[in-house]
Amino acid sequence: MFFSILEMLLLAGLAGTTGWFLGGALGAFLGALLALLIHGAMLQWKLHRLEQWLSTPVLRQDPPWQGVWREIAERVQRLLRQQQRLAAVHQKQLQDFLQAIQASPNGVILLDEEARIEWCNDTAAVHLGLDVQRDRLQHIVHLVRDPVFARYFAQDNHASEVVIEGRASSALSLQKLSVQLHAYGEGRSLLLTRDITAVAQADAMRRDFVANVSHEIRTPLTVLSGFVETLQSIPLGEDETQHYLQLMSAQSDRMQSLVVDLLMLSQLEGSQLPSTQEKVSLAALMLQVTTEGQAFSEWMANKGEGPVHQLEFSPVPDVYLLGARSELLSAVSNLVSNAIRYTPLGGHIQTHWSSTAEGLVFAVHDTGPGIAAEHLPRLAERFYRVDRSRSRETGGTGLGLAITKHVMQRHGGELRIDSVVGQGSTFKLIFPQSRLVVDLD
């Protein structure tokens, strides 16, 4: 700018000097004035050229200018490049932030001052059944049509969360969502959603577990208490006393079995995974299972005054399983004893070992009444019984399949159940190849 002013003064002085020689003082004044007008016109033209250059979408990188105008253009370009780099950094940070929110397992919704949706991630859209594009700038209460949420939103205090049903709920499974509003900025709100279906199911299972344990223990205790009161208050003969004592012993055994299974489940859930160093002989394991199964079938036959079951145990492969012997014995024995317990006397029960692409498979097939399809997904739950009366009559605690499922999970395997009403059932244990060892000695 200093050089531009100096240039103007020099031009005015040169024109004034020339005018002085040609026309005296008036000539000097007119010459200087003409020089200033010409310089102003040139300056205006250069400013107009600069304005056109600045107004173009993409600035020309090398304008054909000289002097101060070129310096101005270069400084503008440097500032523009700095702003572009800064904007790119901020854009990258914003994209990273949005990607992080998108990857969150929780739903995030940004609401403006009037509770309209400004932005939400995909998780929130799935939780609440929203369309990210279509529902933008829509009022959140108009989209989440839940009375519980509407009352919660109308409150002044949102310090706590509220539980509502998610859009993924169905007649068979209910999705539970925890939602909470957080104020931020100038009147804006942040709505967070969290899927707590698994937590709610776990709480329900714990409540059911406590209720079932209480019920299972209360029943034999009630019987025992009644027998004790009878023995204390009524004089009985030797035969009657022995009969009552036998009944009391049966109830005591039932409670003992229940406590043993509960302790087994607690141990499975709280202990470390079984080691892969201990080798369990499959032949020795099945020998014990066979002996116990035959004895249990004879006991059932004597109690029911009918024929024993037709037990068919297939040959056992010469392999070893890596894991805890007591757990593996419990898993295999539970399937065999369950088949005997629920198959009518004289029925046929077959066990079979086979090698597949998934691993070693142990299958138990029975000719019992079969299980309806709606019961299959819940069979491995604690205390879940299809026929409660028959299970109690035969000494079942309702924990056998739950123990088996836990054992298989701890050994990297799987429990599968196939059944058709009237055609019997097939229970399978799939052991992974990593748990199998062939003894070459």
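The model described here is a predicted one, and its protein chain holds 11 helices and 13 strands.

The parallel sense occurs between S7 (residues 310-313) and S9 (residues 348-355), whereas S9 pairs with S10 (residues 360-366) in the antiparallel sense, as does S10 with S12. The table sets out these pairings together with one from the other sheet.

| Strand pair | Sense | Bridges |
|---|---|---|
| S7 and S9 | parallel | 4 bridges |
| S9 and S10 | antiparallel | 7 bridges |
| S10 and S12 | antiparallel | 7 bridges |
| S3 and S4 | antiparallel | 4 bridges |

Individual residues show how the strands are placed against one another. Gln-310 has His-348 of S9 as its bridge partner, Ser-355 is bridged to Leu-360 in S10, and Ala-363 stands opposite Lys-428 in S12. The hairpin of S9 and S10 has 4 residues between the strands, and in this hairpin Gly-359 takes a positive phi near 145°.

The largest nonpolar core has 44 residues, of which Leu-335, Phe-362, Leu-429 and Phe-431 touch the most other members. The elements that give two or more residues to this core include H7, H8 (282-304), H9 (325-342), H11 (400-410), S11 (414-419) and S12 (425-431), along with S9 and S10. Among the contributors, H9 gives the most, with 8 residues. Leaving aside its neighbours within four places in sequence, Leu-429 is in contact with residues that include Ala-331, Val-332, Leu-335, Leu-360, Val-361, Phe-362, Thr-404 and Met-408. Apart from this core lies another, of 20 residues, with Ile-109, Leu-143, Leu-177 and Leu-181 among them. In soluble globular proteins, nonpolar side chains tend to be buried together.

The other sheet is also open and has 5 strands, here with antiparallel pairing and the order S2-S1-S5-S4-S3. Strands S2 (117-120) and S3 (162-165) stand at the edges with a single partner strand each, so one side of each is left without a neighbour in the sheet. The twist averages 25° from one strand to the next. Where S3 meets S4 (residues 176-184), Glu-165 has Lys-176 of S4 as its bridge partner.

Helix H7 (residues 238-270) has 33 residues and reaches 47 Å from its first C-alpha to its last, which is close to the 48 Å expected at 1.5 Å a residue. Its buried residues include Met-248, Met-255, Leu-258, Leu-262, Leu-265 and Leu-268, and also Gln-251, Arg-254 and Asp-261. An α-helix has 3.6 residues a turn, so residues three or four places apart point the same way.

Over the whole protein chain, buried residues make up 36% of the 441 residues, and the exposed surface comes to about 26,500 Å², with carbon and sulfur atoms supplying 58% of it. Of the contacts in the protein chain with a separation of 6 or more, 58% are accounted for by residues 24 or more positions apart.

Terms used. Residues numbered from 1 in each chain as written. Predicted model: local features only at pLDDT ≥ 70, side-chain atom pairs only at ≥ 80, totals over all residues. Heavy atoms only, no water. Pairing = 2+ DSSP bridges. Axes fitted to C-alpha atoms, helices over the stretch in contact; angles between N-to-C directions. Expected span 1.5 Å × (residues − 1). Buried < 20%, exposed > 50% of the residue type's maximum accessible area, 1.4 Å probe, protein only. Contact = heavy atoms within 4.5 Å. Areas by Shrake-Rupley, 256 points an atom, 1.4 Å probe, with all protein chains shown as cover. Core = buried A, V, L, I, M, F, W, Y, C linked by side-chain atoms within 4.5 Å.
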